[in-house]
Amino acid sequence: MLFWILCGASALVVAAALAAALLRGRPEPASAESHDLRVYRDQLAEIDRDRTRGTIGPEEAERLRAEVSRRILATDSRRPSATAARTGGPSGWIAAGVMTLVLVGAALALYRSLGAPGYPDQALAQRIAMARDLRETRPSQSEAEAALPATPPAEAPPEYLALVERLRGAVADRPGEVQGHVLLARSEAALGNYRAAAEAQQRVIDLKGDSASPEDYADLADMLVLAAGGYVSPEAEAVLDETLRRDPGNGVARYYGGLMMAQTGRPDAAFRLWDALLRDSAPDDPWVPAVMDQIPEMAARAGVNNYQPPVTAPLPGPSAEDMDAAAGMSEEDRQLMIEGMVSQLSDRLAAQGGTPQEWARLLSALGVLGDTDRARAIWAEAQTVFATRPEALATVRAGAEAAGVAE
């Protein structure tokens with residue numbers, strides 16, 4: 001209450017000062033007649049001084065005084081009668097009242113938009129402590145799910161729904177079969193049944209034990225966040241921590257880690273996480289669009305002005321545009337161009353590794369060259385490299401299918 005009293009008093013003091021300036025009288029500007037009167041009075045004083053010094057006689061002095069006095073009377077009769085200050089009048093008081101209301105109202109509206117009533121100035125340490133408390137006391141996964149409104153089931157062809165129902169029965173009959181739970185988790189997620197998908201994915205991890213991959217944990221975290229309507233719960237955070245323990249560079253876990261920081265009052269930490277993630281990502285990584293949509297606001301909240309997201313370079317190797325350009329060349333030039341790009345990409349993948357998209361692009365290019373033996377060997381190697389990452393292997397498989405070497 002004291003805060004509002006001080007704000008109101010300050011606004012009224014400023015309004016009163018402005019109103020006083022508006023209503024304060026202002027003298028009229030001096031007229032020509034006023035100037036003439038001052039001159040004539042000076043002449044009377046001069047006549048008296050000349051008479052005292054004896055430079056003019058008494059009769060001449062009286063005659064001059066009478067003449068100057070006559071001029072004074074004539075000039076005074078022509079001078080405007082309103083020489084007093086102008087006053088505000090009713091219109092001035094109305095204007096002052098309107099100005100006061102506008103000033104106080106605008107100040108209150110601005111504070112309501114930008115201010116935080118009831119909160120004192122907070123040092124950085126206090127804000128970090130508040131964020132930590134918010135993180136430690138935030139709702140659990142079950143509480144978040146219970147707070148969501150009921151949503152209708154996703155539409156799907158009856159045949160697909162029947163297959164999913166059969167899959168549920170098969171998994172119930174063979175609870176120890178990992179692949180069945182993997183398929184069930186994906187099927188439930190496709191139908192929007194994220195709670196059921198998370199339960200199936202948790203069963204996958206339980207069955208795999210120590211052999212569970214970082215992608216298995218990342219998939220579980222993804223399903224938990226989706227089940228909670230985009231909220232990163234403490235349970236989802238624990239899964240993300242395990243994902244990053246196994247794979248510190250996992251993009252899904254890094255994205256959701258930044259989202260959790262944003263949701264718990266740490267936009268500065270969220271910005272740093274997402275900016276680093278963008279710099280480590282390929283343009284077609286699935287989390288890049290979500291980060292690009294949110295990071296400008298997060299940068300502003302973190303106090304980073306004029307932030308420009310890092311420009312992600314296109315994947316190295318032959319692109320679709322390169323392949324189209326090659327189609328218009330002579331057979332010899334086309335072959336040389338593709339072979340050069342394919343060789344460059346193949347050498348880099350062999351020496352440094354690369355993303356699933358790069359492996360798929362290499363396989364597609366080898367298919368264009370007709371080098372199926374080499375493509376088959378690389379596809380066999382890819383199945384070993386991405387054996388624990390089903391989603392990444394599916395991306396590579398698309399390239400192998402384009403090359404005609406997939407089983």
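Visitor: Which residues make the nonpolar surface patch of about 220 Å²?

Guide: Val-14, Leu-18 and Leu-103 make it. The model is predicted, so local features need pLDDT of at least 70 and side-chain atom pairs count only at pLDDT 80 or more, while totals for chains, interfaces and linings use all residues. Residues are numbered from 1 along each chain as its sequence is written, and side-chain values use heavy atoms, with hydrogens and water left out.

Visitor: Is Val-14 buried, partly exposed or exposed?

Guide: Buried means under 20% relative accessible area, exposed over 50%, and partly exposed in between (1.4 Å probe, protein chains only). Val-14, at 43%, is partly exposed.

Visitor: How is a pair of aromatic rings described?

Guide: By the distance of the centres and the angle of the planes. Rings of Phe, Tyr and Trp (its six-membered ring) pair if their centres lie within 6.5 Å; planes under 30 degrees apart count as stacked, over 60 as edge-to-face and the rest as tilted. The count here comes to three aromatic pairs. One of them, Tyr-255 with Trp-274, is stacked, at 5.6 Å centre to centre and 15 degrees between the planes.

Visitor: How buried are Tyr-255 and Trp-274?

Guide: Tyr-255 has 12% relative accessibility and counts as buried; Trp-274 has 0% and also counts as buried.

Visitor: What are the distance and angle for Phe-271 and Tyr-307?

Guide: Their ring centres are 4.9 Å apart and the planes lie at 85 degrees, so this pair is edge-to-face. Phe-271 is buried at 11% relative accessible area, and Tyr-307 counts as buried at 15%.

Technical notes: Patches are made of residues with over 30% relative accessible area and no salt bridge: like charges are joined within 9 Å, nonpolar side chains (Val, Leu, Ile, Met, Phe, Trp, Tyr) within 5 Å. Accessible areas come from the Shrake-Rupley method with a 1.4 Å probe; for residues, only the protein chains shown count as cover. A salt bridge is a side-chain nitrogen of Lys or Arg within 4 Å of a carboxyl oxygen of Asp or Glu.
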